[in-house]
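Please open the model in your viewer and keep the selection tool at hand.

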Amino acid sequence: MLLAYGLRVFGLSQLHSFGDQNYSVWAAHRSLADIATDRLQDGHPPLYYYLLHFWIALIGDGELPIRYLSLLPGVLTVAMVYKLGDRVAGRPVGTAAALLAAISPFLVYYSRIPRMYSLVTFLLTLALFLAYRWLEKPRWWLGVGYGVAAILALYTHYYAAVA
């Protein structure tokens, strides 16, 4: 977890937003109703923009604070990958999978930019973990948790439907 956090935080304050990243911040500054309406035109679901809207209200909209909304689920994804690997194939596999997730250039990159990709990755990993647990030992709360995580992932990015 420390490695994952360190790789994602290293040099974070020197990064500057551009393109879609600036669009995310612009969209998050709009009203909640406008965020929902705008999503119909740009093709992305509104959950990330809603979260960023409230995040900015609480933390601020500087370069560093807005990136932490992506960084946190990016680090939590590493923890979920460990839990899933441990559950499916044991601690060595969980550890190896978590190490690979921690150093993955793709996962590190998307954990450092203010876009929805690290959030949808975390939600899908959580959904997969809950689905596996539910198949092992059906419990109503695992099924509900899976459903909630899957719906939130779909409400974050439409490609979650094919993942």
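The model is a predicted one. The tour begins at the second largest pocket, which has a volume of about 160 Å³. Select Leu 124, Ala 127, Leu 128, Ala 131, Tyr 146, Ala 150, Ala 153, Leu 154, Ala 160, Ala 161 and Ala 163 to display its lining. By class, these residues comprise 11 nonpolar, no polar and no charged. Helix H8 and helix H9 (140-154) each contribute at least two residues to this lining.

Remain with one of these lining residues, Ala 163. Its place is in the segment after H9. Is Ala 163 buried or exposed? Ala 163 counts as exposed, because its relative accessibility is 72%.

Next, turn to the largest pocket, with a volume of about 200 Å³. Its lining consists of 15 residues; select Phe 106, Tyr 117, Ser 118, Val 120 and Thr 121, which lie nearest the centre. Helix H5 (63-89), helix H7 (105-110) and helix H8 (117-136) are the elements that give two or more residues to this lining. H8 gives the most, with 5 residues. The lining divides into 8 nonpolar, 6 polar and 1 charged residues.

The following stops concern charged side chains. Side chains of opposite charge can pair when their charged atoms come close. The structure holds 5 salt bridges.

Select Glu 63 and Arg 67, which form a salt bridge with the closest N and O atoms 3.1 Å apart. These two residues are 4 residues apart in helix H5, so about one helical turn separates them. Glu 63 is partly exposed at 31% relative accessibility, whereas Arg 67 is buried at 1%.

Now select Arg 87 and Glu 136, whose side chains meet in a salt bridge (2.8 Å, N to O). Because Arg 87 lies in helix H5 and Glu 136 in helix H8, the pair ties together parts that are 49 residues apart in sequence. Arg 87 is partly exposed, with a relative accessible area of 39%.

Salt bridges that share partners also join Arg 30, Asp 34, Asp 38 and Arg 39 into one network. Within it, the closest N and O atoms of Arg 30 and Asp 38 are 2.5 Å apart.

Finally, select Arg 8 in helix H1 (residues 2-9).

Notes:
Residues numbered from 1 in each chain as written. Predicted model: local features only at pLDDT ≥ 70, side-chain atom pairs only at ≥ 80, totals over all residues. Heavy atoms only, no water. 1 Å grid on protein atoms, 1.4 Å probe; cavity = no way out; pocket = protein on both sides within 12 Å on 5 of 7 lines; lining within 4 Å. Points joined across faces, edges and corners; volume = space filled by probe spheres on them. Nonpolar A, V, L, I, M, F, W, Y, C, P; charged D, E, K, R; others polar. Buried < 20%, exposed > 50% of the residue type's maximum accessible area, 1.4 Å probe, protein only. Salt bridge = Lys/Arg side-chain N within 4 Å of Asp/Glu carboxyl O.
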